[in-house]
Amino acid sequence: MNFFAQIGILLRKELVLELRMGYAISGILLYVLSTVFIVYAAFFQGVNSPMLWVTLFWIIMLFASVNAIVKSFVQENGARQLYYYGLLDPLAVIVSKMIYNISLLFFLSLLTWAAMAFIVGNKVEEFSAFLLALFLGSAGFSILFTFVAAISSKADNNSTLLAILSFPLVIPILMTLIKLSVVATGMLEDTGIGKDIGILVAIDLVLAGLTLVLYPFLWRD
Amino acid sequence: MIRQSWWKILAVVILVYTILAGMLIPLKPGIAEVTPRALQAGTEVELTVTGYNSYYSKAKNELRAWLKLKGDVVLKAARIEVLNDRTMKLHFILPQYLPSDSKDDACSLILDSPIDGAIVLPDGIALTQDSVNLLEGKKLWSVDKMDQLNAGPKLTFPYRSVLYESIRNQYFHVPLWFAMIFLFMFSVNFSVRYLRTYDPDADQRTLALNRAGFVFGLLGTVTGAIWAKYTWGAFWSWDVKQNMTAVALLIYSAYFILRGAFQDEEKKARLSAVYNIFAFAALIPLLFVIPRMTDSLHPGNGGNPAFGGEDLDNTMRMVFYPAGIGWTLLGFWVASVAYRVEKLQQRLLDA
């Protein structure tokens, strides 16, 4: 079985598992909805500035992503992982997890956007730029969090460790995303938007490349 | 022993040199204050000049001063009265008209002395006139010429407003950062070596280098914060580089916490090596890319000119570059001591 076929099978497995254990995905969805509602309730004067809207959006996304991804190495026990690694290429395992998490987070970010638009109000004017930001953000978050989750799953108290290890690393991505999204709300006219996109793509690619290089040292126990 | 430790001796020699030179070489003479700052055309004015590191009384009769407007037109001081080394009074007889097509203009003050050299106070003085007469003004202002300016003392650091004496921090703040970057780079190198050989020694070297790098990063932040207090007004101004520094230190704190999370030595070494490589790659956009695209108070960022040109003259280079080498060598010395401590602790545990 070649590498890509393995990835395909693993992706199908992830999807089937996710749908079969419906509580995990619906838990995340409920998490997003209630956080958006808390934001709405806490800012009782309304979220009027696009800057604030964008910042809140990405903070909600950040915590939702951590919660969505932390389970990607936890839900399967060590024995089953050993079985995968015996049967398949370890790289296919991490690549499939990354691809799955990218699509999950992209879906999640669309949902957060919809919830924000419905409850707080929509501030985005340039849809294509914001969609691009969502995609690049989901990609960056999921690559980073998947890799760090792989490290922290080897330790015992791994959800704290995931936050400690990944939050400092996520800041450059988050800052660029917020800048890009503020441009998408039409509040700032920024001619340097291409540079921001370039930086995000570069960070995503570097992180993805490092994951592929370093994962072979990580999975073995 | 000398053959092994030559670089430690070199570090001490260089650091002693940079600290002595960096602290003892005086600043170039400058103009600290001029009053009044607003002059009216057609009047006789008396400017009180307060100098910095200046020796006016030594140069008494050879002192010259000009007011300079755009287009290289100058007006020479009619009389100069030296009170002491740091204060003098300049008398100017301002003509009725300015060589300017508006009622307001700004001029710079230029002093020249064989002892202190030529000193410029750029655009520091406002000029006003009641009516505009460009031709007459040009005629009136082109009587005097400014020529044969003196070079002034050679061995000085630049006198810059805002920075003043704190310019000497350049030999501590910036080299400490250089040292930190080099230490982290070498620690990544040893992490890679660990993952290739699984040699515990490489892991101990990584740990020692990261510890030393972390301390140097803290020192770089503290020296920077003190500098910021004097120049920007606050220890922490939410400048992008300051924030990125805080993040970088958080990343390496996370490295130490990660090490604490494992009992098994082999697992600890392997996972922290992986994280160390990953973190260093994430650090590069943090320190070198993001600050360049965001507004920053630091030189060389957000459209600010890089620290160079007039801010970093040849005298400063003579101290600054050795300081970079000296602090980096000291960093590796600290790391090597930390490495030996780690080794000895390991031996005690094994015994």
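Tutor: Start with helix α5 (residues 200-231) of chain B and helix α8 (residues 314-350) of chain B, whose axes come within 8 Å and cross at roughly 130 degrees. Helices here are DSSP runs of H or I with at least four residues, strands are runs of E with at least two, and both are numbered from the N terminus. Axes are lines fitted to C-alpha atoms, for helices over the stretch in contact, and angles run from 0 to 180 degrees between N-to-C directions.

Student: Before I go on, what kind of model is this, and how are things numbered?
Tutor: It is a predicted model, in which local features need pLDDT of at least 70 and side-chain atom pairs count only at pLDDT 80 or more, while totals for chains, interfaces and linings use all residues. Residues are numbered from 1 along each chain as its sequence is written, chains are lettered from A and ligands numbered from 1 in the order in which they are written, and side-chain values use heavy atoms, with hydrogens and water left out.

Student: Ok. What do you call the arrangement of α5(B) and α8(B)?
Tutor: They are oblique to each other. Angles under 35 degrees count as roughly parallel, over 145 as roughly antiparallel, 65 to 115 as roughly perpendicular, and the rest as oblique.

Student: And is the crossing of α5(B) and α8(B) left-handed or right-handed?
Tutor: Right-handed. A crossing is left-handed if the near helix is turned anticlockwise from the far one by less than a right angle, and right-handed if clockwise.

Student: How do the axes of α5(B) and α6(B) cross?
Tutor: The axes of α5(B) and α6(B) cross at roughly 150 degrees and come within 10 Å. That makes the two helices, α5(B) and α6(B), roughly antiparallel. The crossing of α5(B) and α6(B) is left-handed.

Student: What does the pair of B:F184 and B:Y252 tie together?
Tutor: B:F184 lies in helix α4 (residues 173-197) of chain B and B:Y252 in helix α6 (residues 240-260) of chain B, so the pair ties together parts that are 68 residues apart in sequence. Both B:F184 and B:Y252 are buried. Buried means under 20% relative accessible area, exposed over 50%, and partly exposed in between, with a 1.4 Å probe and protein chains only.

Student: Which residue lies over the face of B:Y55?
Tutor: B:K58, at 4.6 Å from the ring centre. B:K229 lies over the face of B:F235, at 5.3 Å from the ring centre. A charge sits over a ring if NZ of Lys or CZ of Arg is within 6 Å of the ring centre and within 35 degrees of the ring normal.

Student: Now the strands. What is the order of the open sheet of four strands?
Tutor: The order is β1-β3-β7-β6 in chain B, with antiparallel pairing. Two strands pair if DSSP finds at least two bridges between them. β1 and β6 (79-82) of chain B stand at the edges, each with a single partner strand, so one side of each has no neighbour in the sheet. From one strand to the next the twist averages 25 degrees.

Student: How many bridges join β3(B) to β7(B)?
Tutor: Seven, between β3(B) and strand β7 (residues 87-93) of chain B. B:V49 stands opposite B:M88 in β7(B). Strand β1 (residues 30-35) pairs with strand β3 (residues 44-52), both of chain B, over five bridges, and B:V34 stands opposite B:V49 in β3(B).

Student: Is strand β8 of chain B enclosed or open?
Tutor: Eight of the ten residues of strand β8 (residues 104-113) of chain B are buried, so the strand is largely enclosed by the rest of the structure. A hairpin joins β8(B) to β9(B) through three residues.
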